Amino acid sequence: MSGVSGRYLAAAHNLGLLQELVRKDPESYKEEFLEQFRHYETTLRLLELQPHQHRMDLDPLLEVVNFLSTVAPSYPEHAKTFATNLIDILRTQGQGLDPEVRLAFCKALVALRNRNAAPAFEVLELFFELVKCEDKILRKFLFGSIVAQIKRLHTQKKDQRLITTLQSFTFAKLKDSRSIVARTAQLVLIDSYRKGFWRDAKTANAIAECCFHKIARVQVAALKFFLGSSKDEEGLEDDEGDSEHEGKQEDAKTLKEVMTAFRAGKKTRKKIKNLEKAKKAIDKQHKAKKDRRSRECNLIAINDLFDPQEFADRLFRSVESKKSERFEIRLLQIALTARVIGVHSLQTLGFYSFLHRYLQPKQREVTRILLYAAQAAHSLVPPDVIEQLVRVIAQNFITDRNTAEAITVGLNAVREILSNCPFAATEELMRDLTEYKKYKNKNVSMAARGLITLFRSVNPKLLHRKDRGRPTEATKELELPEFGADHAKSFVPGAECLPEVVEEEEDDGWEEDDASDDSDDDGSDGWVNMPPSGDEEESDAEDGGEEGDDEPINKAEKATVISETRILSQDEHKKIATYQLKKQLEAEKGGNGRKRKNDDVRLDEEYAEKLARREQGDGLARLNDIEQFHKKIRRQNKEERLAQVKEGREGREDFGKPSKRGPHVGRTNRELAKRKPSQMVVQKKRGKNRQRTFRDQQLSLRKYLQKQKGMK
Amino acid sequence: MGKKAKKKLSKDFKKVKLKVGRTLKKPAVTDTTVHAKKLVLLEQLSRCSADVSNNPLSHRKLSLEDLIQQLGHYNKNSRKDALAGIKQLLADHEEMIVPNLRTLIPSVARLVTDDQCAATQLPVLRAVLELICRSTDTASMRPHFALLVAHFSLGLSHLMAGVKMFALACFDMILQIYPDLCLGSADVFSSFVGFLAAWERPKASEAKRTVSQKQRVLESLLKFLNVFAADGDHQSLSKTSARVLRISVDGNPTGPYSVSLQPRNGPFDFHVLSSTAERLSSPLESVDELIKLWQCAFPFLLNLLLETASDERPDLLLIGNVARGLKLLAAKAAKVRTTTESGERLRAELQKSLSKSVRRRLSQLCPLKGQDAGGANRLLVDAVAMLDALAAYRPA
């Protein structure tokens, strides 16, 4: 009894304690709650009479509002009045309120909203209104809470209708006349798209519409959203991603686990260090994960566009028409146009000739513009357009008058463009460009050789005889690139390496496979029907296979037969892949033993890497393809070198020096003795513990006396 | 050495090197920028301070503005000193109060809710408030009254009991000094009823309510009922509202170009300016408000009466007060009950609270023990009779 009343007495002074009591037992503490509610109401009336409050009166008000917002949901009808009251005040006097009070009211509303005690739509509407207040902290809070609410709705997945109304409301706010409202709406959309709460085509297209907004900041944000991170454009992500994966496999512990493990154990120095390391690693993981997610997201958004052709045309028109706009924005617009053209293979043919005027070595950010030219070049652009583009680059960059860097960049750009549209290359042009392989600057010569490497595997006939390299299996099968030609194969290339007659075991294997995915009966029927026609061909192919491998027609026939008659297993696919790889290498093995130079190996590796990269993501070129310099242009100066060294030393202990940290560092033994229990120290009292012999004492006395007299 | 010295000699006519894209410096330039500095005359400053000294100062040489500023100081001792200074200054110069009401009231009244202030400060604060109220007449207080009441009612709903009791005392004061204004203000009624409702809750908190606290609440309730439930308040209201504000353009107050404003309550009370609409009649005329008051006041009085009467030596004065309160309440209820609209609800409420058992217990109390219980007895008997009449009433 006394305990209860004691707690009650304490609660009479302490709002926090009262809050606890009310939350535990809302029924019996209703009166207390009502009293606080009335207190709040009277405070508001006072606020009405006297808008400027004394700064010391703010704290109690904030406390009461906080109390009510946490407790009110236990009393639904009061919570409702409280919420509507708050909304009314913020709506009518939001601009004039004290910033702290305003923020507290907003926080209270969010708290009510989180327990479904406030209407969602009104709150969101109100928050968009309040964004107008010139209050940075409030704006930040509002933005965060709007996104958090969207997240809540997304995770709960209860009220789909509400979500759609909110979405269309936010879309409408994009067209608001006040720039800050439009901007906030846009940021909300972008954030919720990135985080996946509203990842749909409607949102993506609403953001796309912002690329033509009249406010420059909104425009830039939309453009940057579609372009993704600048790091991605520069192509700087691969190594991080790899190390990331390894780390993940090693320990998949969460931060919480690590922290609890640390809290439980003894805190040695090593454990502290390990904890810091683990924390850092987890942070890095999170960051990388986020990065990856946003990287995917811009490509998804571009793919979600309803009418990419129209979008690209509009964007291009706006780039073309507005001369007065700042260069940075224009560059972003050009970038996005190129990206959309490249991803969707669009026909915006004016774009290429538009780029001509920017393709000068002295132009600002010319490497980026070259990159955009390369990104916009895809296999469906007419050859004459690309030819013109390449010729302009060649004329402006790849001449002896220019610096070596300009030539390198130009050659790289030409290589990137031609790798997308090899049909646009002419023999004359190639001859001119490949002459640079003997150029005295290494960067230039390597760039020229990169171009040669590309054409060896694409169209060796355009190269000089010497540059073509040894013919391999792969080059024999090569088809000449033609504009608009569709080289679709009716068989799995390389399937001829497999035996035609399948052994029993393998048979069982694929039958099991077939049985496992019994979803489509029609498919299996088809397979049953096929064999009679295939048997005849099989016999033909057998003959061909025995007679000779060097006939490509026979090979194709055999491959057709194999790929038509059965389902290839995983192992067989692997076999095919190695076989295809072998085709390219064969010449080297069989060659007359000329050793390949390091540079050749490097070029080949780079080419293979590039091919692999083309398969994943958007498959477009990156900035480091254009700015590929084989030799460093600039050496580090001393400061940079030292900085690098210091960076490497981070986290390593000093060698040889005693550490100056720890609980007892910096105390003398005497000081330490004062802290010890007297029982330990009493033995060591100075003088008592010295065991001197009588003779020693005598000697020292004598010495002392002699010194005194000055005899010694 | 000698060569160096020679080099250092400056030439009169240097040879100027000409280069492309560089403008020549002029050899001789006149600086035409003007610098201005402020002149500060010490005499002027001293005269300024002399002007200030014409204002009355407190014993510590602080003017009223300074003191008011210090009332909002975060240090409670400074606040206390400032309050003492204000008390002394205002007591010496009472004529200063009315012109400075606009700044005085918000700064002084907000101390009512100050929960950190020492117990010794409260009487001083009370004295200052009383001083202000006593030396300000109703008309000059009218524009500031809403603010004053708002501060007091904030105190009434405060979490801490001490602040509450002090705010109650403040309410007593304004009920006594400005009954008209209180009657006209909607806030006074609602906040008092709210306080009473919170006071009358069936909780563990009952235990710590001392008798003296109850007595004080009872006294306040009596004063409140005297203002709100007593009859004859309409005359004073109509008296104040008879004033007319005349604005004339050509100087002739009755001429054709004069406008006469007939304010409802006072020259400063316009609906646009004041947020809470003031009423002409007592809020107790409406049945809803009366029911609210009844619901909180009647149980309070009843419990107090039963408790006190069951004591060994009942406090007769207290019982008399309670009976007086009951009488006032019953009289008001009986008066309002006759109005036709929504009288049914009031009747139901009365029936509910005045059940048979309650009435029986009341009637058993009647002959009080004690020597001079005569006055209290008489009051009690009257009250019980009125309540009985209320309960027995049936509409025709």
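Colleague: Leaving aside its neighbours within four places in sequence, which residues is S220(B) in contact with?

Modeller: A contact requires heavy atoms within 4.5 Å. Under that rule, S220(B) is in contact with L168(B), D172(B), L175(B) and F192(B), its neighbours within four places in sequence being left aside. Before we continue, please note that this is a predicted model, in which local features need pLDDT of at least 70 and side-chain atom pairs count only at pLDDT 80 or more, while totals for chains, interfaces and linings use all residues. Residues are numbered from 1 along each chain as its sequence is written, chains are lettered from A and ligands numbered from 1 in the order in which they are written, and side-chain values use heavy atoms, with hydrogens and water left out.

Colleague: Where is S220(B) found, and does S220(B) count as buried or exposed?

Modeller: Two terms are needed. Helices (H or I, at least four residues) and strands (E, at least two) are DSSP runs, numbered from the N terminus. Buried means under 20% relative accessible area, exposed over 50%, and partly exposed in between, with a 1.4 Å probe and protein chains only. S220(B) is found in helix α11 of chain B and counts as buried, at 1% relative accessibility.

Colleague: What does F225(A) touch, not counting residues up to four places away in sequence?

Modeller: F225(A) is found in helix α12 (residues 216-227) of chain A and is buried, with a relative accessible area of 1%. With residues up to four places away in sequence not counted, F225(A) touches I190(A), Y193(A), R194(A), I207(A), C297(A), N298(A) and A301(A). From C-alpha to C-alpha, F225(A) and C211(A) are 9.9 Å apart in space, although 14 residues separate them in sequence.

Colleague: What does the secondary structure of chain B come to?

Modeller: Chain B has 17 helices and two strands. Of its 396 residues, 44% count as buried. Among the contacts in chain B between residues at least 6 apart in sequence, 71% join residues at least 24 apart.

Colleague: Let us turn to charged side chains. How many salt bridges does a search of the whole structure find over all chains?

Modeller: Side chains of opposite charge can pair when their charged atoms come close. The criterion for a salt bridge is a side-chain nitrogen of Lys or Arg within 4 Å of a carboxyl oxygen of Asp or Glu. The search of the whole structure finds 34 of them over all chains. One is formed by D625(A) with R613(A), with the closest N and O atoms 2.6 Å apart. This pair links distant parts of the chain, 12 residues apart: D625(A) lies in helix α32 (residues 623-626) of chain A and R613(A) in helix α31 (residues 598-615) of chain A. D625(A) counts as buried at 5% relative accessibility, whereas R613(A) is partly exposed at 25%.

Colleague: Which residue forms a salt bridge with D172(B)?

Modeller: K223(B) does, the closest N and O atoms being 3.6 Å apart. This pair also links distant parts of the chain, with K223(B) in helix α11 (residues 211-228) of chain B and D172(B) in helix α8 (residues 161-177) of chain B, 51 residues apart. K223(B) is partly exposed, with a relative accessible area of 24%, while D172(B) is buried, at 10%. Elsewhere, salt bridges that share partners join E129(A), K132(A), K173(A), D176(A) and R178(A) into one network. Within that group, E129(A) and K132(A) form a salt bridge with their closest N and O atoms 3.0 Å apart.

Colleague: Finally, the interface: what area do chain A and chain B bury between them?

Modeller: The size of an interface is often given as the accessible area lost when the parts come together. Here buried area is the accessible area (1.4 Å probe) that two parts lose on being put together, summed over both. Chain A and chain B bury about 2500 Å² between them, 61% of it on carbon and sulfur atoms. In terms of residues, 26 of chain A are in contact with 30 of chain B. Between the two chains the count is three salt bridges; the side chains of D187(B) and R45(A) meet in a salt bridge at 3.2 Å, N to O.

Colleague: Which elements give two or more residues to the side of chain A that touches chain B?

Modeller: They are α1 (2-11), α2 (15-24), α3 (30-49) and α4 (55-71) of chain A. α3(A) gives the most to that side, with 12 residues.
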